[in-house]
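Me: I would like to learn how to read a model like this one. Can we go through it feature by feature?

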Amino acid sequence: ETWRLFLGVLIAAGIAAVALPWRELARRRLLPFYLFGLFLLIQVVRLPVLRAEGYALASLGWMGVFLGLALARAGRGFSPWDLARALVVFLVAVGAFEAFYGLAQALGGVDAIGSHDRGLGAMATGTYINRNHFAGLLNLTLALALGLIWYGLSRRSGGRAGGGSGRPAAERRAWSWLVVLATSFIGVAVLLSRSRGGTITLLLTVAFVAGLLVLGRRGPRSARVLPWILLMTILGLGLAVGLDALLARFAELSERQGRIQVWADTLEMIGDHPVLGVGPGMYEWAFRPYQTEDTRLWYHYAHNDYLQAAAEWGIPLALLLWGFVYWRFYRASRTFLLDRSPRRRGLALGCAAAILSLLVHSLGDFNLQIPATLLIFGAVLGLAWSLEIRDDPETERGSPGPSPDPEEVPGSLPSLAAKTLTLALVALVVTTAYPRYRAVALAWDDPETPSEGETRSEGETRMEELREALQWNPDDPVAHFHLGLAHRDRAPYRDLEEARRHLEAAVATNPWSWKYRRQLGALYELTGEEEKAEAAYRAAIDRNPRSADYRWRLANFRLRRDDLAGAAEQIGRALALEPGLAPAALSVLLKSGADWERIEEIWPRDFESRRRLLHLAHRESLVAATPPPEPVLASLWTQLVTVEEPLS
């Protein structure tokens, strides 16, 4: 999805850069912004696909800012206000579509996203899989809708000079209140998503708008009660359809406590990479050695956009990026409070509230790691930025404006040269990114083993897709990995030399993957290369040190090499990570010939582990032909009764 959206938006941004008046875009103050975008695009072209994807995601946010800024500054037949308003209306329409889709899921029994069966029941998620990201998008668009509604209520006359549509003021206000009712359904969809973070963000966003309206006294009194009427309507409709499931979720705190531990682990990782970070998009690979929270889960994100930005980009650049966002939020809020133009104030109000909603929600989730949400948020930042560098829109229509620089007149040599270079850059990036998109689309993650009931023709089709993926992008690690597994494990395609070639290529193109190295180790075992196998297993553990499964596999490998001491050491470490392995661990050790003194020595020293070992030892003493020695049982009992924890 990242690559497909990136390609579409890149082409749109290129068209905008060429079609819009260059004089409006060529401002010296924008030069650092353009250079940063150029840096991102160069990285997308230069780096291998695994590392380039993070820069492609960041480029989406940059292009969102560019499009919001460029459309709001366009001239030639359209006033900047016309295009800025059209963009805001489009974004609100996107949110409305998502909201009504979510309402159909929650209230109409539609448990699907297109052809995908969600299996979530009466919960609103729209076209998103995750309810929190659905709620994040809706809060963004609801905030923009508030700015539009405020502007509609604030217009004083129906003439064109006032920016109106020619309709009487009373009729326009009636339409505005109808839009309030329609907007309330966006808020209801947030509640029906059962997202705690989304609900809190919704309440804070509406409260923020209410506070701004109190501080910015200019405007009709009807507009000042707008947020309260909207909030009461949302809550009323929400109570009518039922909010029991949402309230029940607020009583569950275990998920948040888990996230706190993830944040603490992420801070440790940031401490080891404070300046340059681990690289955009590399959090999921670099975090594993630091992860202490439920090591059976694979955390792709930090569940906090602030921490993830610092982890991936480094603290200095993260501070710069977030500083820009907070600066836009402050300036948009200030524009609403101090400006006199209803147009500028309405746009500023919507942008400030939308930015705030993401700033709040980003404290506990990762909305900005979702390509579509990042793109929309970038467009909001661009719209907010346009308030700083364009002329007052109340005077733009019909105003002669400043005389253009002769060198910046459309069609002049500098303008043509700049647009030609822009087209060349877009063409270069597209021709590089499209093969990567095709490879990812063909080879994206499928199970390591064939699905049950897979026919021969289905297997052949899958193999052809993987081979085609490598034709598009020879460095795609996912395609290499799955082809390697197929040639190693599937009888119709068994070829250990081909398996070696592909699995080694997978490790070379993604050296951070513990899964790839473990499977390569299994291949080396099959081919009798035991030293390489152990090196691969240990490399997998280095990248995933807190996984009991990987240590258990290395222990079994050591047992197959008749190295009981090495196996016992790894079993002890696996037990410390996963106490539930205790019965299996004891059984394996006893069958392998380990004595009870050795078992007691390698067993974890914590109270619960020792209690479990005593229980298992007692059971063995009743049924085993060679019961555990009495000194071992006595030692375990003494250890337990001398600790302060009560026996259970």
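This is a predicted model: local features need pLDDT of at least 70, side-chain atom pairs count only at pLDDT 80 or more; totals for chains, interfaces and linings use all residues.

Me: What share of the residues counts as buried?

Reply: Burial is judged by relative accessible area, with under 20% as the cut-off. Here 51% of the 648 residues count as buried. For the surface, look at area and atom type. The chain exposes about 29500 Å², and carbon and sulfur atoms supply 61% of that area.

Me: How do I read contacts along the sequence?

Reply: Ask how far apart the partners sit in the chain. Among contacts with a separation of 6 or more, 69% are between residues 24 or more positions apart.

Me: Now helix pairs. At what angle do α1 and α4 pack, and how far apart are their axes?

Reply: Read angle and distance together. Helix α1 covers residues 2-19 and helix α4 covers residues 49-72. They pack at about 40°, with axes 9 Å apart. The crossing of α1 over α4 is left-handed.

Me: Which residues make that contact, and how do they divide by class?

Reply: List each side, then sort by class. From α1 come T2, W3, L5, F6, V9, L10, A12, A13, A16 and A17. From α4 come V49, A52, E53, A56, L57, S59, L60, M63, F66 and L67. By class, the contact of α1 with α4 has 17 nonpolar, 2 polar and 1 charged residues.

Me: How do α8 and α15 pack?

Reply: Helix α8 spans residues 196-215, and helix α15 spans residues 315-338. Their angle is about 40° and their axes are 9 Å apart. The two are therefore oblique to each other. Handedness is a separate reading: α8 passes α15 in a right-handed crossing. In α8, the contact residues are F208, L212, L213 and L215. They meet F329, S333, F336 and L337 in α15. By class, that contact has 7 nonpolar, 1 polar and no charged residues.

Me: At what angle does α14 cross α15?

Reply: The angle is roughly 140°. The axes of α14, residues 305-313, and α15 come within 7 Å. Angles over 145 degrees would count as roughly antiparallel, so α14 and α15 are oblique to each other. The crossing of α14 past α15 is right-handed. D305, Y306, A309, A310 and W313 of α14 meet I315, L317, A318, W322 and Y326 of α15. These divide into 9 nonpolar, no polar and 1 charged.

Me: Next, a loop. Where does S193 lie, and is S193 buried or exposed?

Reply: S193 is in the loop between α7 (169-192) and α8. Its relative accessibility is 0%, so S193 counts as buried. Then look for its partners. Leaving aside neighbours within four places in sequence, S193 contacts M123, A124, R131, F134 and A135. The C-alpha atoms of S193 and G102 are separated by 7.7 Å, although the two are 91 residues apart along the chain.

Me: What should I look for in phi?

Reply: Most residues other than glycine have a negative phi. R194 has a positive phi of about 65° and is not a glycine. R194 is in the loop between α7 and α8, and at 21% relative accessibility it counts as partly exposed.

Me: What is the phi of D562, and where is D562 placed?

Reply: Phi of D562 is near 60°, a positive value in a residue other than glycine. D562 is in the loop between α25 (548-560) and α26 (564-577). At 73% relative accessibility, D562 counts as exposed.

Me: One more residue. Is F481 buried or exposed?

Reply: F481 counts as buried, at 1% relative accessibility. Helix α21, residues 477-489, holds F481. F481 and A505 are 24 residues apart in sequence, and their C-alpha atoms are 7.9 Å apart.

Note on methods. Residues are numbered from 1 along each chain as its sequence is written. Side-chain values use heavy atoms; hydrogens and water are left out. Axes are lines fitted to C-alpha atoms, for helices over the stretch in contact, and angles run from 0 to 180 degrees between N-to-C directions. Helices (H or I, at least four residues) and strands (E, at least two) are DSSP runs, numbered from the N terminus. Angles under 35 degrees count as roughly parallel, over 145 as roughly antiparallel, 65 to 115 as roughly perpendicular and the rest as oblique. A crossing is left-handed if the near helix is turned anticlockwise from the far one by less than a right angle, and right-handed if clockwise. Contact means heavy atoms within 4.5 Å. Ala, Val, Leu, Ile, Met, Phe, Trp, Tyr, Cys and Pro count as nonpolar, Asp, Glu, Lys and Arg as charged, and the others, Gly among them, as polar. Buried means under 20% relative accessible area, exposed over 50%, partly exposed in between (1.4 Å probe, protein chains only). Accessible areas come from the Shrake-Rupley method with a 1.4 Å probe; for residues, only the protein chains shown count as cover.
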